[in-house]
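Trainee: Could you take me through one part of this model closely? I would like to look at its salt bridges.

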Amino acid sequence: MGTKKNFVLDTNVILHDFKCMDNFQENDIYIPIATLEELDKFKKGSDQLNYNAREFIRELDRITSDDLSLKGASLGMGRGTLYIVTDEKKQKKVSDTFAENTADHRILSCVYAIAEKSQDTKTVLITKDINLRMKARALGITVEDYTTDKVVNVGIFKNAQETYENIDPDFIDEIYATRDGVDASLFEFSTYLEPNSCFILKSIRNSVPARYNPFTGKIKKVEKGNNYGIQPRNAEQSFAFEVLNDPNIKLVGITGKAGTGKTLLALASALKQAGIYKQILLARPIISLANKDIGFLPGTEKEKIAPYMQPLFDNLNVIKSQFSPQSSDVKLIDELQKSNRLVIEALAFIRGRSLSETFCIVDEAQNLTPHEIKTIVTRTGEGTKMVFTGDIQQIDSPYLDARSNGLAYMVERMKGQELFAHTNLIKGERSRLAELASDLL
């Protein structure tokens, strides 16, 4: 058996990454007719899945030829051939095991038939559907997840920021004494520091929370400041405020379990900097329940999305509750909302817009694909700061996991860039009960 392989693509792979055909090198790609029929159902609509379906179909149209069914279409120099499989004959082994005539079972029959016909070439089904992978393995079919954009190391989403011990206490004293910080090159561990990384320095007699600032080349103390009435309750929250408040950092990822304050901290920082930006935009993806989209809900467009946006309004109300109802701070928030300078919106409604001089917070970003994250970030104009928050262990999308979601992908790919910072929040601060439930249940 040669090294060249046959890869059969399931629909969810295409909807996840419409450029997926670029990632199979010299191997041949097979698209079952059942996959095309499923794609056809996603052509209409404004969601990212609909866009992906349309773009993939356009790409198919570009590379295919009239005699595609006979000899396939070349995918380019040094790459394999694309085949559309129209043979719908159900394989006996598949029909004996799965009697129901579903798209998944038709795809399994397609893979089985290709494997039987090309016994000298390994045939692999590529799908992000865990159940379909189980069914394929039950039939002895080789199957794999689509792993091209999967994160290798998820450890950074489980651990707190670094602590460096046995530091010279005089260095720590100097960090406390200087507002701008101390030259990073004076520290032995400076070569290991990522831009904008936050950490704790400890000596035998003192310690200091600090950040490496790549724009100055210095290590400076992280202050425990107040952002619009919200006070950090632990070191990680102070680190989050540090990077959120720095206008030089244009892209921030804040991860952590429920109750760690991800969205609240981002919103408090945005309000503190309201005078710098023309608009504060809070958005979150709509993950429909029971396989029904918002069209099933009664009311106008704004009334349909209101239940999904309520957690963002809850965070805004927490901040307002820090002040008296008649205070100037509360009045400013109300004025920002009335003038559309503070907007809470469903993420689908901001796609395609160019965001200039905007503090944009995308909540629940773990439910986005890598391509969706890229689409959003590439819309940023001058003077815009993008903040993505989420918990990579709490994913509602059936085809994403801790390693393949867009938030984890962004953090891994942007790591080491001066314009980017990531903070992982560990300790829950919502309540003792919430923290206990998050750890034990």
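**A salt-bridge network**

Mentor: Happy to! The side chains of Arg211 and Asp246 meet in a salt bridge at 2.8 Å, N to O, where a salt bridge is a side-chain nitrogen of Lys or Arg within 4 Å of a carboxyl oxygen of Asp or Glu. This pair links distant parts of the chain, 35 residues apart: Arg211 sits in strand E10 (residues 207-213), and Asp246 in the loop between helix H9 (235-244) and strand E12 (251-256). Helices (H or I, at least four residues) and strands (E, at least two) are DSSP runs, numbered from the N terminus. Please keep in mind that this is a predicted model: local features need pLDDT of at least 70, side-chain atom pairs count only at pLDDT 80 or more, and totals for chains, interfaces and linings use all residues. Residues are numbered from 1 along each chain as its sequence is written, and side-chain values use heavy atoms, leaving out hydrogens and water.

Arg211 is buried, with a relative accessible area of 1%, and Asp246 is buried at 10%; buried means under 20% relative accessible area, exposed over 50%, partly exposed in between (1.4 Å probe, protein chains only).

Now turn to Glu242 and Lys220, whose side chains meet in a salt bridge at 3.2 Å, N to O. Glu242 lies in helix H9 and Lys220 in strand E11 (residues 218-221), so the pair ties together parts 22 residues apart in sequence. Both Glu242 and Lys220 are buried. Arg211, Lys220, Glu242 and Asp246 are linked in a network of salt bridges. Across the whole structure, a search finds 19 salt bridges.
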